[in-house]
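Dear colleague,

I am passing on a structure that I would like you to look over.

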Amino acid sequence: MADDWDDLVLDDDFIRSAETNEPSARARMLAARWRRESPEPQPWRSDEPPAGWFFSKRRKRWGRR
């Protein structure tokens, strides 16, 4: 008795032809959080630089010591 699984090849073509696509864990976590409470509106780009970016201790210059 031949088993249907004997001739099955699980290669890249088989995997890419799958019809379903599961969201990532982070996407599921955010979706659950946003169902409970909607997120605050955020600007696309912040007007403020990242913390410590401009006033770092010393900027290194290439070629000078």
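In these notes a residue is called buried under 20% relative accessible area, exposed over 50% and partly exposed in between, with a 1.4 Å probe and with protein chains only. This is a predicted model, in which local features need pLDDT of at least 70 and side-chain atom pairs count only at pLDDT 80 or more, whereas totals for chains, interfaces and linings use all residues. Residues are numbered from 1 along each chain as its sequence is written, and side-chain values use heavy atoms, with hydrogens and water left out.

As for the chain as a whole, its secondary structure comes to 2 helices and 0 strands, where helices (H or I, at least four residues) and strands (E, at least two) are DSSP runs numbered from the N terminus. Of its 65 residues, 2% count as buried. The accessible surface, computed by the Shrake-Rupley method with a 1.4 Å probe and, for residues, with only the protein chains shown as cover, comes to about 7900 Å², and 52% of that belongs to carbon and sulfur atoms.

The structure holds 1 salt bridge, a term that stands for a side-chain nitrogen of Lys or Arg within 4 Å of a carboxyl oxygen of Asp or Glu. It joins the side chains of Arg28 and Glu22 at 3.2 Å, N to O.

Patches are made of residues with over 30% relative accessible area and no salt bridge, like charges being joined within 9 Å and nonpolar side chains (Val, Leu, Ile, Met, Phe, Trp, Tyr) within 5 Å.

The nonpolar patch consists of Trp5, Leu8, Leu10, Phe14 and Ile15, which together have about 580 Å² of accessible area. Within it, Leu10 is found in the segment before helix 1 (12-16) and counts as exposed because its relative accessibility is 60%.

The negative patch gathers Asp3, Asp4, Asp6 and Asp7; Asp6 has its place in the segment before helix 1 and is exposed, at 57% relative accessibility. The positive patch is formed by Arg26, Arg33, Arg35 and Arg36, and of these Arg35 lies in helix 2 and is exposed, with a relative accessible area of 68%.

How values were computed:
Lys, Arg positive; Asp, Glu negative; His and termini not counted. Charge placed at Lys NZ, Arg CZ, Asp CG, Glu CD.
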